[in-house]
Amino acid sequence: MKKNNINAYVALVIVSIFWGTTYLAARIGVQHMHGMLLAALRQTAAGVLLTGFFLIRGYKLPELPVLSRLFVIGVLMLCGSNGLMTWAMAYIPSGMGAIIAATVPIWITIFSYFLVQRTKITVQLVLGMVIGLLGIGGIFCDHIRELMDPQYRFGIMLITAACVFWALGSVLTAKWALGVNYLYGAGFQMLFSGIVMLVISLFMGQALHISSFTGELWGSLLYLIFIGSLLSYSAYVFALNNLPPSLVSIYAYINPVVAVILGWLILSEKLNWTIGVSCLVTLLGVYLVNNAFNKNKSYERSK
């Protein structure tokens, strides 16, 4: 086995486990700071560090058309998705957020159908979507009392919108040939999205208060910057460029399991057999959709 392949598998393990822990870190962080501001600080800091690393190594600034596309993708995936997801953690359990986020492949399939190519509608694709929705429905059935809370419903709306933005950004990334180092481009996406979220936070009346920076908040923020953004995203990009996308996508099935277990163990979030089984049903549906979509792509390439 080639060394790159070994490193890619290690990178995939990092993504699968550590990205699942960021829901817990975000849930802790939003107890001390608004989620949009927390995400803004995370992405701005990570963007400065990553782009600074490449600039010091002698990389030139990308051309304006490339920067404009990096801006659009960054705002969609990191501001629209990560910002809203972090905000949602103030209202819903971290495990619930991770489970809903696992439906991203379904949204990617929908956007790919309309924006990239007409994905063939197969029995497996439809069955996967139905099973996935049934799984989500099962989880919500166990949270009926919480659904009566307007803030809880608002959190669900935020995390759902976050999934839509991430999927749209992912499809545009695949559609646009940017011609720039993936990590260097990711740094600009983080930087642009962080600045946009800082402006949004300002208009929302959010401000930095030194007194709010407790040990828990510092721990959450530093973890999100170095583990969530720099380590995990770098590992994701590396794995994506050295392993089949269908294999890399397994992180989406492991992340929710990690998040649910950590939320239960550390934050005493609700976990019972109904939620556990519904979570597995949801992931089965997402797997079927993702598998059908990848089969369609392989078929189109072979034509």
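Figure 1. The secondary structure here comes to 13 helices and 0 strands. Read along the sequence, that gives the pattern α-α-α-α-α-α-α-α-α-α-α-α-α. Keep in mind that this is a predicted model. The chain has 303 residues, and 52% of them count as buried. Take the contacts between residues at least 6 apart in sequence: 93% of these join residues at least 24 apart.

Figure 2. Averaged over the chain, pLDDT is 83, and 88% of the residues score at least 70. Confidence is highest in helix α2 (residues 35–56), with a mean of 94.

**Figure 3. The largest nonpolar core, with I92 in view.** This core takes in 85 residues, and M89 and I92 are the ones with the most contacts inside it. Helix α3 (residues 64–88) gives the most to the core, with 11 residues. Who does I92 touch once its neighbours within four places in sequence are set aside? The list runs to R27, G97, Y152, G155, I156 and I159. As background, nonpolar side chains in soluble globular proteins tend to be buried together.

**Figure 4. Where α3 crosses α9.** Two packed helices are described by the angle between their axes and the distance between the axes. Here the axes of α3 and helix α9 (residues 182–203) come within 7 Å and cross at roughly 60°. That angle makes α3 oblique to α9, and the crossing is right-handed. On the α3 side, the residues that meet α9 are L67, L70, F71, I73, G74, V75, L78, C79 and G83. Their counterparts in α9 are G185, F188, Q189, M190, F192, S193, V196, M197 and I200.

**Figure 5. The other partner of interest: α9 against α10.** Helix α10 (residues 215–240) packs on α9 at an angle of about 140°, with the axes 10 Å apart. So α9 is oblique to α10. This crossing, too, is right-handed. From α9, the contact is made by Y182, L183, A186, Q189 and M190; from α10, it is made by S229, Y233, S234 and V237.

Figure 6. V15 lies in helix α1 (residues 3–29). Is V15 buried or exposed? With 1% relative accessibility, V15 counts as buried. Beyond its neighbours within four places in sequence, V15 is in contact with G20, S232, A235, Y236, Y251 and N255.

**Figure 7. T86 and what surrounds it.** T86 has its place in helix α3. Its relative accessible area is 2%, so T86 is buried. Leaving out residues up to four places away in sequence, T86 touches A26, V30, G35, L38 and A39.

**Figure 8. S268, out in a loop.** Look for S268 in the loop between α12 (251–267) and α13 (273–302). At 63% relative accessibility, S268 counts as exposed. Its backbone also deserves a glance: phi is near 55°, a positive value in a residue other than glycine. Most residues other than glycine have a negative phi.

Definitions and conventions: Residues are numbered from 1 along each chain as its sequence is written. This is a predicted model: local features need pLDDT of at least 70, side-chain atom pairs count only at pLDDT 80 or more; totals for chains, interfaces and linings use all residues. Side-chain values use heavy atoms; hydrogens and water are left out. A nonpolar core is a set of buried Ala, Val, Leu, Ile, Met, Phe, Trp, Tyr and Cys residues joined through side-chain atoms within 4.5 Å. Buried means under 20% relative accessible area, exposed over 50%, partly exposed in between (1.4 Å probe, protein chains only). Helices (H or I, at least four residues) and strands (E, at least two) are DSSP runs, numbered from the N terminus. Contact means heavy atoms within 4.5 Å. pLDDT is the predictor's confidence in each residue, from 0 to 100. Axes are lines fitted to C-alpha atoms, for helices over the stretch in contact, and angles run from 0 to 180 degrees between N-to-C directions. Angles under 35 degrees count as roughly parallel, over 145 as roughly antiparallel, 65 to 115 as roughly perpendicular and the rest as oblique. A crossing is left-handed if the near helix is turned anticlockwise from the far one by less than a right angle, and right-handed if clockwise.
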